Amino acid sequence: MPLSDIHFEQIAAAGLITLDRPEALNALSIEMVTALRAQLTHWADDPSVTHVILCSSSPRAFCAGGDIKYARQLALSDDPDGTIFGAAPYFRAEYLADIALIQCDKPVIALCDGIVMGGGAGLAQHSQHIVMTENTRFAMPETAIGLFPDVGASLFLGRCPTPVARLLGMHGHRLGAADCLLLGLATAQVPSTSLAALKEKLLACDVAGIGSVIRQFQTDAGQPPLAAQRRLIDHIFADGPVESMRDRAANLAENMPENQFLGGVAAGFATRCPLSIKLFDRLLAETADVTDPVAAIELDFHLALRMTKRADFVEGVRAIVIDKDQAPQWTPNSLEAVTETMLDAVFDRAGLPALL
């Protein structure tokens, strides 16, 4: 393996998981998530382990997400018109690791410095304590590669006000710690320079002392930048057709050219995968009454199987991650061309393999 990419230790009563693939910003390989699931399952049954700490070896990134280049390789082995889902082994392994984290009945503390995106955001959000720093950059950017915000994002983004959830899921808008605290996506901010000391105290503390240890290092995150844009967000992402959201964003951006936030939202509608954008809007509606994160991830698994059979995923990863020309050719290439029938086909779970 690259067992060098993930390390497990027990120190006193604490289990320590260190993601250590810095050259890939800790992108989660299939070996890493398989090992993570096995270790979490083992520690869940080990009475000598009372809590778990999840961290990175590098301040640059906690975890930038799944290994989408590998998932793309698997998807290319698909039979596009048949029942072979080439990317299924990867997504199954990743989602089962998330479920092991969800079902772990011991407190998990995620120390989230630097980039926290995609699958990395999932690891953080399924932990009980989500500690961020002034350097944290949180996002679910999957619509840029023809996928969708997965790993249970329909629930953890869905707990945000709906217009904000749409912004985060449709556009992958990046948040800092202050915004994450405002939205319930973080539980504390500590200085990046204090993270190592915090980890050492968490390794030594009793499980009952976790909260007080974190509070010793906690600092004020300041004003959340998103709050200043809330009226615009609520207006743009109000209920209704996604095309209307796009048009409102474009009109506001034209009338307020000095507002960089509006420019970014308008550009997102113009550049991200149209079907992915509409899919996430529907996913929020489909899961509005879902409270079980395992059920949400089971739905994500089936959506991932459908989406990775489409040309958009292969093309999106090529354009954004591999060739980096930033010019994906989407099919279809406009929101108007994405029909309800297309979305129905992606949400059709008939005949798909079970995750569990």
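Helices here are DSSP runs of H or I with at least four residues, numbered from the N terminus. One such run is helix H8 (residues 195–204), and Lys199 lies in it.

## About the model

This is a predicted model, in which local features need pLDDT of at least 70 and side-chain atom pairs count only at pLDDT 80 or more, while totals for chains, interfaces and linings use all residues. Residues are numbered from 1 along each chain as its sequence is written, and side-chain values use heavy atoms, with hydrogens and water left out.

Let's start with Lys199. With a relative accessible area of 21%, Lys199 is partly exposed (buried means under 20% relative accessible area, exposed over 50%, and partly exposed in between, using a 1.4 Å probe and protein chains only). Leaving aside neighbours within four places in sequence, Lys199 is in contact with Leu16, Ile53, Cys55 and Leu111, where contact means heavy atoms within 4.5 Å. Ile145 is 54 residues from Lys199 along the chain, and their C-alpha atoms are separated by 34 Å.

## An enclosed helix, H6

Helix H6 (residues 162–171) is largely enclosed by the rest of the structure, because nine of its 10 residues are buried. Among the buried ones are Pro163, Arg166, Gly169 and His171. The buried residues of H6 pack against helices H7 (177–183), H10 (230–236), H11 (242–255), H12 (260–271) and H13 (274–286). Following H6 comes Gly172, with a positive phi near 65°.

## How H1 meets H3

The axes of helix H1 (residues 30–44) and helix H3 (residues 88–103) come within 8 Å and cross at roughly 30°. That makes H1 roughly parallel to H3, a term for angles under 35 degrees. Axes are lines fitted to C-alpha atoms, for helices over the stretch in contact, and angles run from 0 to 180 degrees between N-to-C directions.

On the H1 side, the contact includes Ile30, Val33, Arg37 and Leu40, and on the H3 side, Tyr90, Ala93, Glu94 and Ala97 are among the residues involved.

## Nonpolar cores

A nonpolar core is a set of buried Ala, Val, Leu, Ile, Met, Phe, Trp, Tyr and Cys residues joined through side-chain atoms within 4.5 Å. The largest has 102 residues, and those with the most contacts inside it are Phe62, Phe91, Phe138, Leu185, Phe237, Phe269 and Leu279. H3 supplies the largest share of this core, 10 residues.

Not counting residues up to four places away in sequence, Leu279 touches Phe148, Leu303, Met307, Leu343, Val346 and Phe347.

Methods: Helix = DSSP H or I, 4+ residues; strand = E, 2+ residues; numbered from the N terminus. Parallel < 35°, antiparallel > 145°, perpendicular 65-115°, else oblique.
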